[in-house]
Amino acid sequence: TKNTNDVFDKIMFSHGKGQNSFTVIGSYGTGKSSFLWAIEQHINGAAKFSLQSTELNSEVTSYQFIKIIGENRSFKKTLAEAFDIPFTAESSNKLILKELDKKITQFQKSKTGLVLLVDEFGKQLEYIAKHDVDEMYFIQELCEYLNDPLKNVLFITTLHQKYRDWE
């Protein structure tokens, strides 16, 4: 759709300027999960968005996709598992980001870009709000770390926007 192409173009334009972390917000059933699927298809060359903005980094020869579906659990733990990073309850933000940096450096040396897609991220945020609000700081640190124009990374999450319950 036109809206889908516009959102994709805005993400690619911002990514070309060094912003690598994005959240797509929409009501239930508006196609956020399908949008993430379409991004993967586009990057892999199986389908194309109608682009008006820049493409991804031309120095990258392939992409590694890490796809996470939000669960009612720690995002730090979920992320650590997705990247095979050792994790204990005491694992510091700094340690996880240091290990993640090693993984991203390996990708970059092999000219591989990283695309981290987290669908239904709100489930993780709900868990954090109830069980470990300090983990919100980790998400901030993660986004700040990833928003480096020298990193060939694209981090996209989706959140549901609820309708107000009218009485």
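Glu40 is buried, with a relative accessible area of 13%; buried means under 20%, exposed over 50% and partly exposed in between, using a 1.4 Å probe and protein chains only. This is a predicted model, where local features need pLDDT of at least 70, side-chain atom pairs count only at pLDDT 80 or more, and totals for chains, interfaces and linings use all residues. Residues are numbered from 1 along each chain as its sequence is written, and side-chain values use heavy atoms, with hydrogens and water left out.

Q: Leaving aside neighbours within four places in sequence, which residues is Glu40 in contact with?
A: Start from helix α2, where Glu40 sits; helices (H or I, at least four residues) and strands (E, at least two) are DSSP runs, numbered from the N terminus. Contact here means heavy atoms within 4.5 Å. Once neighbours within four places are set aside, Glu40 is in contact with Phe65 and Lys67.

Q: How far apart in space are Glu40 and Val115, C-alpha to C-alpha?
A: In sequence, Glu40 and Val115 are 75 residues apart. In space, their C-alpha to C-alpha distance is 8.4 Å.

Q: Why is strand β4 described as largely enclosed by the rest of the structure?
A: Strand β4 covers residues 153-160. It counts as largely enclosed because, of its eight residues, the number buried is seven.

Q: Which residue of β4 is the bridge partner of Ser21?
A: β1 and β4 run parallel and are joined by six bridges; two strands pair if DSSP finds at least two bridges between them. On its other pairing, β4 runs parallel to β3 (residues 112-119) with five bridges, and there Val118 stands opposite Thr157. For Ser21, the partner in β4 is Phe155.

Q: How many residues of the lining of the largest pocket are charged?
A: α1 (2-16), β1 (21-26) and α2 (32-44) each supply at least two lining residues. Ala, Val, Leu, Ile, Met, Phe, Trp, Tyr, Cys and Pro count as nonpolar, Asp, Glu, Lys and Arg as charged, and the others, Gly among them, as polar. The lining then splits into four nonpolar, six polar and, for charged, one.
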